[in-house]
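These are my notebook entries on one chain, written as I went through the structure.

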Amino acid sequence: EATVRALAQRGELGLSSQYQSTETYAGIDALDNYRVISVPTATGFYIKLNNQKAPTDDIHVRRAIAMAMDYATVREVIYPGAELTGPLAPVFPEAIPEGAEAPVFDLEAARAELEQSKYFGDGPIPLEHVYVSGTAFEEEIALLLKSTLDSIGFDVSIAPEPWNRITDLASSIETTPDSTQVFYGPTYPSPDSVYFVQYHSDATGTWSSMDWVMDEEIDGMIEASRQETDAEARNGIYQDIFSKLVEDQRSVWLLTQEKRLAAHECLQGYQQIPMQSWDLDFSRLSWSCPE
């Protein structure tokens with residue numbers, strides 16, 4: 001963050017990454033020769049929950065964590081973005097069940113849910129929460145989550161880790177943290193890119209599948225959707241997958257990312273393409289300063 005701000009102050013920053021804090025974007029946007037590009041995306045921002053290891057193998061623990069997340073503060077203050085009702089971003093409307101609602105912050109309901117857990121009653125429940133080190137907004141989210149979860153019966157330990165370490169940890173159930181902040185965006189324009197890569201048993205062992213769902217019913221529905229050639233029927237299966245993942249609270253779905261990039265006024269040609277990082281095709285960019 002400090003390096004990016006210093007480069008901008010000297011006029012040496014061409015384009016920032018998408019992971020700066022709100023304060024950094026605001027500070028750079030205030031400079032005469034800079035602007036902040038802001039575009040909607042198909043990318044979701046999740047808290048991945050390890051479904052195969054205590055305590056997040058318990059559905060009541062997972063639901064309590066989801067209910068104790070202050071979504072409005074995250075979306076409106078810490079890291080601006082749009083609502084996310086489940087595993088799919090709004091760019092796939094036909095695949096999202098009608099009436100799907102965004103999760104709600106409710107500490108009383110979270111506490112009541114936690115009391116139904118098999119881990120409740122023997123003191124605070126330990127929970128490890130990992131985020132990418134060096135990302136100020138993820139640190140703020142981690143601290144916010146710790147404050148709410150600790151108040152209802154958890155003992156959250158926060159562990160910032162470099163991204164390459166997180167990808168190593170994701171390779172096995174035993175080393176995958178209880179909860180981890182992760183962005184995931186589809187790599188091709190289909191809900192299958194969201195479902196298979198994150199939630200099918202054959203895709204486990206990567207950073208995108210840190211939930212370790214490993215559910216035969218989910219696997220079967222994903223496989224059925226891949227074999228269905230009728231678009232309407234396939235969307236119906238997608239909706240069933242969506243509903244089942246939400247019902248079992250396999251992840252915590254925080255928001256749909258609104259990508260922000262701080263750019264020098266002379267940098268021209270940026271074009272948003274919602275699949276992965278193709279928007280950063282530098283062959284389309286040029287340097288042309290306004291007169």
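**Entry 1: helix H8 and its neighbours**

I began with H8 and H10, and I noted that their crossing is left-handed. The model I am reading is a predicted one, and I keep that in mind throughout. For the contact itself, I listed Pro191, Asp192, Tyr195 and Tyr199 on the H8 side, and Tyr238, Ile241, Phe242 and Leu245 on the H10 side. Sorted by class, the residues where H8 meets H10 are seven nonpolar, no polar and one charged. I then looked up the geometry: H10 covers residues 231–247, and it packs with H8 at an angle of about 40°, the axes being 11 Å apart. H8 and H10 are therefore oblique to each other.

Next I turned to H9, which runs over residues 216–227, while H8 runs over residues 191–199; their axes come within 11 Å and cross at roughly 145°. The residues that make this contact are Asp192, Tyr195, Phe196 and Tyr199 from H8, together with Ile218, Asp219, Ile222 and Arg226 from H9. Between H8 and H9 I find five nonpolar, no polar and three charged residues. The crossing of H8 and H9 is left-handed.

**Entry 2: helices H3 and H5**

How do the axes of H3 and H5 cross? I found that H3 (residues 59–67) and H5 (residues 107–114) have axes that come within 8 Å and cross at roughly 170°. That angle makes H3 roughly antiparallel to H5, because angles over 145 degrees are counted that way. On H3 the contact involves His60, Val61, Arg63, Ala64 and Met67, and these meet Leu107, Ala109, Ala110, Glu113 and Leu114 on H5. The classes here are seven nonpolar, one polar and two charged residues.

**Entry 3: the sheet**

I followed an open sheet of six strands and wrote down its order as S2-S6-S1-S5-S3-S4, with mixed pairing. Which strands are at the edges? They are S2 (81–82) and S4 (154–161), each of which pairs on one side only. Helix H6, residues 136–150, packs on this sheet and touches S1, S3 (125–132), S4 and S5 (179–184), and its direction makes about 170° with that of S4. I also looked at one pair of strands in detail: S1 (residues 34–49) and S6 (residues 251–264) pair in the antiparallel sense over 12 bridges. As an example of a bridge, I noted that Lys48 has Ser251 in S6 as its partner.

**Entry 4: two places in the loops**

Which bond joins Ala54 and Pro55? I found a cis peptide bond there, with omega about 5°, and Pro55 has its place in the loop between S1 and H3. I also marked Trp212, which is not a glycine and yet has a positive phi of about 50°. This Trp212 lies in the loop between H8 and H9, the two helices whose left-handed crossing I recorded in my first entry.

**Entry 5: the chain as a whole**

Last, I took an overall view, and I counted 10 helices and eight strands in the secondary structure of the chain. Along the principal axes, its C-alpha atoms fill a box of roughly 65 × 50 × 35 Å.

Technical notes
Residues are numbered from 1 along each chain as its sequence is written. This is a predicted model: local features need pLDDT of at least 70, side-chain atom pairs count only at pLDDT 80 or more; totals for chains, interfaces and linings use all residues. Side-chain values use heavy atoms; hydrogens and water are left out. Axes are lines fitted to C-alpha atoms, for helices over the stretch in contact, and angles run from 0 to 180 degrees between N-to-C directions. Helices (H or I, at least four residues) and strands (E, at least two) are DSSP runs, numbered from the N terminus. A crossing is left-handed if the near helix is turned anticlockwise from the far one by less than a right angle, and right-handed if clockwise. Contact means heavy atoms within 4.5 Å. Ala, Val, Leu, Ile, Met, Phe, Trp, Tyr, Cys and Pro count as nonpolar, Asp, Glu, Lys and Arg as charged, and the others, Gly among them, as polar. Angles under 35 degrees count as roughly parallel, over 145 as roughly antiparallel, 65 to 115 as roughly perpendicular and the rest as oblique. Two strands pair if DSSP finds at least two bridges between them.
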